Amino acid sequence: MSTLFVQIGRVIFINYGPYTGKTAVVLDIVDQARVFVEGPTTGVPRQALPLKWLTVTDIKLEIPRVARRKTLLAAITKGDLENKWKKNPIAKSLAHKETVANQTDFDRFKIVKARKQLSTRTRQELKTVRTATHKARDARVAKAKAAGKQRRTRKLF
């Protein structure tokens, strides 16, 4: 369950409609299903949008209800919205998707080769660790046999 509430000053990400992929700030709550938003830095005009089109972020600006554009811009600069947005998981996901979309075949090939090399190195290291562990165990068993001790076994009945 999400603990983020739709509040005045909450930064939202638009998932659907003509302004898909842009951020805006909630200025007022119209009703249970719609909010009044504006995104002066992203080009989203003042308008009411359905909540189903939006994703609420954890970023909140301190603004009054139905703030003017000048007040909103001042709050955005004071709240350092651009840096906070870059640290947001939604922005990171979008940046990753863009990076993947802009990769060439050769970039994807290099990634596959690097993953294979990493897997091979990991497997080799694991094999050496297992071998060392088995040798140590075999040495303990041999030492116990030489001392005349029997290996402990579990009785079933």
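Biologist: Which residues lie nearest the centre of the largest pocket?
Modeller: Keep in mind that this is a predicted model. In it, T23, T41, L81, E82 and W85 lie nearest the centre of the largest pocket, and 14 residues line that pocket.
Biologist: Which elements give two or more residues to that lining?
Modeller: Those would be β1 (10-14), α1 (69-78) and α2 (81-87). The largest share comes from α2, with four residues.
Biologist: OK, and how much space lies in the largest pocket?
Modeller: About 250 Å³.
Biologist: How do the residues of its lining divide, by class?
Modeller: Five are nonpolar, five are polar and four are charged.
Biologist: What lines the largest cavity?
Modeller: T23, A24, V25, E38, G39, P40, T41, T42, I76 and L81 do. T23, T41 and L81 are in that list, and they are also among the residues nearest the centre of the largest pocket.
Biologist: Which strands each supply at least two residues there?
Modeller: β2 (23-29) and β3 (34-39) do. The largest share, three residues, comes from β2.

Terms used
Residues numbered from 1 in each chain as written. Predicted model: local features only at pLDDT ≥ 70, side-chain atom pairs only at ≥ 80, totals over all residues. Heavy atoms only, no water. 1 Å grid on protein atoms, 1.4 Å probe; cavity = no way out; pocket = protein on both sides within 12 Å on 5 of 7 lines; lining within 4 Å. Points joined across faces, edges and corners; volume = space filled by probe spheres on them. Nonpolar A, V, L, I, M, F, W, Y, C, P; charged D, E, K, R; others polar.
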